[in-house]
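I opened a notebook page for this structure. These are the entries, in the order I looked things up.

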Amino acid sequence: MTLRTLCPALVLLLSCAPLAAQSLRVPYETFTLPNGLQVIVHEDHSVPVVSVNIWYHVGSGDERAGRTGFAHLFEHIMFMGSQHVPTGEFDKLLEAAGGDNNGSTTEDRTNYFEDAPANALPLMLWLDSDRMGFLVPEITAEKVDLQRGVVQNERRQSYENRPYGLADENILKRLYPPSHPYNWPVIGSMTDLSAATLEDVRNFFRTYYTPNNATLTIAGDVTARDARQLAQRYFGDIPRGPTVTRPTPPPVVLPGDVYATLEDRVQTPRVYNAWHTQKAFAPDDAGLDVLANVLAGGRSSRLYRRLVYELQVASDVVAFQDGSRLDGKFELWVTARPGHALGELQRVVDEEVRKVADAGPTLREVQRAQNTFEAQFLSRMERVGSFGGKADQLGFYAYFVGTPDYFQRDLDRYLKVTPADVQRIARDYLANAHRVILSVVPQGKPELAVQAPVQP
């Protein structure tokens, strides 16, 4: 039974929403191979398609200062051929079978997925097992140099030559101390990528891209029995890797507000606010998402209505809670319209945050946010593969909370948030907390930045 048979799309946010929430369940079987590879199987025979999704429990947070960018570098290297799959053949073989693939990297994990007709499942598992177990012989200096150049060019395009592209990197450096694994961006630094040796790269792979540091999810038109046999056939002989230990860094507390200005090749200035909050699935993580929606989630949100419509001093407003494995941050940014300095925008941001902290949001605001999250949530569940589909979510929950079928409990976190919760969260995490305030201004115009208050 699909979600759309439970609820017509046009009334999803109304009377059918509670029924859908109570009915959320993604049946699965899970087992672990002797080499430590966790396998999750979800049967969905609605269409003859299968998704293979591997989560390697490694991200930029597993790197060290001076050797950053490795996790993202491997997102590229893993497509460059393995011992039995020559360079370029991975995509050719998969596309010939009617499939596609992709991957992504965060500070906490790297994932790769393939979606294809069900009869291509053995091919997908063979391709993934070959690059898990037989990549090291193909990690050559030529391939590393080639992909290092690709990543460096990506950094130029997405960070250095993109308007406001260096803002996040500047925020992270001020929000976290140099020893913290979230101090640097996922893509790493140019200097570190250039300094990495071939042996550095190989050792990083040997440490983290191993069966015992990965979760394999097989979802779609397959039986659990067949999936188990295929997983054992293709992955069972790959040896375990070293045990990965991750020290937990101490909590980070800003001793005061941190003001910074970045002159960039931009036409209009933008101000960023960033606070330390809660890690993913912590008690206030969902409430922080609701708060972000109340403040800047759409054109009816408080800051958008005040800054863009009423005062007409800003062109856009964005807010979000970013809960990760070790920590979380809340970001809010506003882009000024021409002729306006960031100080007047910042005053309105502070006023609206304080209003929510003092009086709380309305019940209607909270319900609107909950409806938005529920609709997005159910929409993702209609897909087996790709980013955010059921296969991806099963691996995500397995890694972050230890329970693959966490769908209903995840949604329940949002449905339980009250206006009083949002008021407390706004007060404790934003209004009464220290933050990083970064002003990105056109080159030669530092006077447009938010100015730190003069100390008496």
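I began with K143, which lies in helix 6 (residues 141-160); helices (H or I, at least four residues) and strands (E, at least two) are DSSP runs, numbered from the N terminus. The model is predicted, so I noted that local features need pLDDT of at least 70 and side-chain atom pairs pLDDT 80 or more, while totals for chains, interfaces and linings use all residues. Residues are numbered from 1 along each chain as its sequence is written, and side-chain values use heavy atoms, with hydrogens and water left out.

Is K143 buried or exposed? I found K143 buried, because its relative accessible area is 11% and buried means under 20% (exposed is over 50%, partly exposed in between; 1.4 Å probe, protein chains only). Leaving aside neighbours within four places in sequence, K143 is in contact with M80, G81, T87 and E138; contact means heavy atoms within 4.5 Å.

Next I looked up helix 17 (residues 419-431), where V422, I425, A426, Y429 and L430 are buried. Among the elements they pack against are strand 8 (270-276) and helix 11 (285-296).

Then I turned to the domains. The assignment, automatic or from a database, gives domain 1 (2-235) and domain 2 (258-448). The contact takes 50 residues from domain 1 and 50 residues from domain 2. Their centres, taken over C-alpha atoms, are 26 Å apart.

How many salt bridges does the rule find across the interface of domain 1 and domain 2? I noted one, where the rule asks for a side-chain nitrogen of Lys or Arg within 4 Å of a carboxyl oxygen of Asp or Glu.
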